[in-house]
Amino acid sequence: MCGIVGYIGGSQAAPILLESLEKLEYRGYDSAGVAVYNKNAIEFAKSKGRLVNLKEKTNNGEDLKGIVGIGHTRWATHGEPSDLNAHPHLSSSGRFAVVHNGIIENYISLKKKLCDKGFEFISETDTEVIAHLFEYYYKGDIMDTIIKVIDRVEGSYALGVLCSDYPDRFFAVRKSSPMIVGLGDGENFISSDVAAIIKHTRDIYYLEDNEIVVLKADGVKVYNTDKEEVKKEVSKVTWDIDAAEKGGYEHFMMKEIEEQPTALEKTISPRIKDGKIVLDDISLTTEDIKKIRKIYIIACGSAYHVGVVAKYVIEKMCRISVETQVASEFRYCDPIVGANDLVIAISQSGETADTLAALKEAKNHGARILSIVNVVGSAIANASDDVLYTWAGPEIAVATTKAYSTQLSVIYLLATYMADKLGLLTSGEYAKLIRDLQELPAKVAEVLENKDKIQYLASKFFNCHSIFFIGRNLDYAVALEGSLKLKEISYIHSEAYAAGELKHGTISLIEDGTLVIAIATNNDLFDKTVSNAKEVKARGAVVMGIATEKNDMSEVADYEIKIPDTSDILLPSLTVIPLQMFGYYVASNKGCDIDKPRNLAKSVTVE
């Protein structure tokens with residue numbers, strides 16, 4: 001969601017901050033601001049809207065002098081998007097400037113206390129409370145002040161702090177919100193995302209909750225809340241900087257759609273050795289698997305849709321009961337989860353607030369936690385007993401594509417691994433699954449070659465008012481993701497339904513010309529889905545069918561898209577590709593801001 005950057009070194013800070021904030025635009029935002037220390041005072045500039053407004057306001061940062069500063073892109077939670085509500089926020093004396101990601105849950109009571117003490121507020125944000133708290137508690141020792149502030153605030157936060165009494169340094173601290181430290185040569189950085197600073201350094205620190213960072217040009221020190229120095233291990237970013245650039249594509253989303261074969265190869269290949277799945281990165285033994293009473297899958301958005309696929313796949317292959325639940329609901333439903341249960345948390349960023357909170361709730365009940373994430377050292381990874389990384393590389397577009405696909409592939413690997421350990425696969429079944437997994441990247445590439453047909457179909461239907469997706473079993477799970485892709489980037493109303501539910505109310509929405517995308521890749525359920533497609537067609541719908549090469553939907557479908565055959569459990573990885581491309585091309589025809597759709601954020605780090 002919000003983005004934070006900070007810089008100290010020998011160069012002018014503001015242009016570097018603005019350049020770094022540009023790399024965080026994909027996270028979603030509605031205003032931006034920077035603050036720098038210059039000539040014994042903190043100077044700042046803020047602007048509602050896109051970052052270009054702030055660049056114009058500051059002459060690309062040149063008008064703000066100084067070699068230490070902090071910057072922010074805001075996604076509004078408290079108060080409308082405006083210049084006043086944009087970060088940074090300054091304390092009443094101007095001594096402190098603060099940027100903040102997250103939500104301060106007790107800000108109302110803190111604000112009342114500060115107002116009673118004579119502090120005046122000019123914004124509607126929870127963050128301004130933090131700036132005034134720094135002023136209230138400051139008695140000359142900045143470390144004591146930071147400790148007192150974070151002791152008083154409740155909620156999630158990543159903070160970057162300037163103090164005019166310390167012109168040669170700035171400060172940062174985090175709790176349940178992403179923050180990394182970048183280590184340069186004569187310059188150092190903070191950021192909520194590696195992409196913002198990779199141009200300057202590949203050496204980073206991952207911070208734990210309530211670790212306080214003091215950054216100077218010539219070094220970085222990390223402390224705990226007892227003011228004891230914490231020795232941190234330097235992590236090196238290994239992915240290429242080109243991965244965070246468009247590379248000639250009009251949008252990151254299409255680049256990332258076409259990167260899926262490579263991403264899948266990187267996820268799958270290292271985990272198959274000598275014809276066997278090898279998951280060295282987890283400690284789940286055969287005995288552990290046999291003891292599992294139930295599996296809970298917790299996730300949000302597209303990751304939740306991966307979890308829906310996972311329920312079908314794991315139950316079919318492992319014969320273990322699986323419950324997939326939206327993470328924001330899990331922690332509040334008083335879950336019946338305990339020591340013999342496995343909880344699988346899925347998150348691209350590894351910082352998703354609701355998923356992290358649900359994970360902690362499950363852990364408090366004694367459950368074993370296995371997470372599937374993309375970001376090494378993220379909060380969810382650190383809080384888990386076992387982690388399976390997707391190794392998808394950076395994903396910049398807000399609408400996920402390759403992260404979804406690589407998460408699916410990890411589910412296949414895990415389910416096959418567990419089924420094998422449980423003795424539920426014959427040697428022939430196991431060998432076929434391994435072979436089909438290894439062939440999956442090439443088959444995804446084959447589906448991608450059909451982009452011209454998808455683009456043509458998008459050109460016919462981009463003016464639709466509503467579009468419906470139907471399917472059964474795994475096809476229904478993929479329909480959920482196809483519908484989400486379409487609505488989040490094209491703003492067309494779309495819904496996904498289990499095809500058998502049509503007659504229970506949904507079919508009343510079908511009228512002449514309504515587009516229904518019928519997914520029928522499951523051989524056992526093909527005829528039933530075709531029957532459902534006939535039902536909507538009889539009521540005036542236009543049907544776009546998606547089926548495997550061995551099945552023919554031409555009898556009912558006005559348009560048909562074919563995908564290659566593979567093992568049934570792997571079909572979602574192929575089916576989702578034309579749906580991703582269809583959503584992309586529909587949004588492109590409508591002229592939408594595809595990489596940064598309205599109101600959305602890449603990493604949802606607040607509830």
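Reader: Which residues line the largest cavity?
Author: In this predicted model, the lining of the largest cavity consists of Cys2, His72, Arg74, Trp75, Thr77, His78, His87, His100, Gly102, Thr125, Asp126 and Thr127.

Reader: How many of the lining residues are nonpolar, polar and charged?
Author: The lining of the largest cavity has two nonpolar, eight polar and two charged residues.

Reader: And how much space lies in it?
Author: About 70 Å³ of space lies in the largest cavity. A search of the whole structure turns up six cavities of 30 Å³ or more.

Reader: Turning to the strands, what is the order in the open sheet of eight?
Author: The order is 3-2-4-1-10-9-11-14, and the pairing is antiparallel. At the edges are strand 3 (41–48) and strand 14 (235–236), each of which pairs on one side only.

Reader: How many bridges join strand 2 to strand 3?
Author: Eight bridges join strand 2 (residues 31–38) to strand 3, and the two run antiparallel. Within this pairing, Ala35 has Phe44 of strand 3 as its bridge partner.

Reader: What about strand 10; which way do its residues point?
Author: Strand 10 covers residues 188–191; Asn188 and Ile190 point one way, whereas Phe189 and Ser191 point the other way. In a regular strand, side chains alternate between the two faces of the sheet.

Reader: Are those four buried or exposed?
Author: Asn188, Phe189, Ile190 and Ser191 are all buried.

Reader: Which residues stand opposite Phe189?
Author: Tyr7 stands opposite Phe189, and Gly182 also stands opposite Phe189. Strand 1 (residues 3–8) is joined to strand 10 by four bridges and runs antiparallel to it. Strand 9 (residues 180–183) likewise pairs with strand 10 in the antiparallel sense, over four bridges.

Reader: What is found in the hairpin of strand 9 and strand 10?
Author: That hairpin has four residues between the strands, and Gly186 takes a positive phi near 75° there.

Reader: A change of topic: how many residues of helix 1 are buried?
Author: Helix 1 (residues 13–22) is mostly covered, with seven of its ten residues buried. They are Ala13, Ala14, Ile16, Leu17, Leu18, Ser20 and Leu21.

Reader: What covers them?
Author: The cover over the buried residues of helix 1 includes strand 1, strand 2, helix 2 (51–57), strand 4 and strand 10.

Reader: And strand 12; which strands pair with it?
Author: Strand 8 (residues 170–175) pairs with strand 12 in the antiparallel sense over four bridges, with Phe170 opposite Leu215 of strand 12. Strand 13 (residues 219–223) runs antiparallel to strand 12 and is joined to it by five bridges. Strand 12 and strand 13 form a hairpin with two residues between them.

Reader: How many residues of strand 12 are buried?
Author: Strand 12 (residues 212–216) is mostly covered, and four of its five residues are buried.

Reader: Let us move to the largest nonpolar core. Which residues touch the most other members?
Author: The core has 94 residues, and Ile295, Ile344, Ile517 and Phe582 touch the most other members. Beyond four places in sequence, Ile344 touches Ile295, Tyr296, Ile297, Ile298, Ile314, Leu370, Ile372 and Leu414. Apart from this core lies another, of 32 residues, among them Ile147, Tyr157, Tyr166 and Tyr223.

Reader: Where is Ile292 found?
Author: Ile292 is in the loop between helix 8 (286–290) and strand 17 (294–299).

Reader: Why does Ile292 count as buried?
Author: Ile292 counts as buried because its relative accessible area is 13%, and the cut-off is under 20%. Leaving aside neighbours within four places in sequence, Ile292 is in contact with Ile320, Asn340, Leu342 and Met418.

Reader: Lastly, where is Tyr304, and what does it touch?
Author: Tyr304 is in helix 9 (residues 301–318). Not counting residues up to four places away in sequence, Tyr304 touches Ala299, Thr324, Gln325 and Val326. With a relative accessible area of 23%, Tyr304 is partly exposed.

Key. Residues are numbered from 1 along each chain as its sequence is written. This is a predicted model: local features need pLDDT of at least 70, side-chain atom pairs count only at pLDDT 80 or more; totals for chains, interfaces and linings use all residues. Side-chain values use heavy atoms; hydrogens and water are left out. On a 1 Å grid over the protein atoms alone, a cavity is a set of points where a 1.4 Å probe fits but cannot get out, and a pocket is an open set with protein on both sides within 12 Å along at least five of seven lines; lining residues have an atom within 4 Å of a point. Grid points are joined across faces, edges and corners, and a volume is the space filled by probe spheres set on the points. Ala, Val, Leu, Ile, Met, Phe, Trp, Tyr, Cys and Pro count as nonpolar, Asp, Glu, Lys and Arg as charged, and the others, Gly among them, as polar. Two strands pair if DSSP finds at least two bridges between them. A nonpolar core is a set of buried Ala, Val, Leu, Ile, Met, Phe, Trp, Tyr and Cys residues joined through side-chain atoms within 4.5 Å. Buried means under 20% relative accessible area, exposed over 50%, partly exposed in between (1.4 Å probe, protein chains only). Contact means heavy atoms within 4.5 Å.
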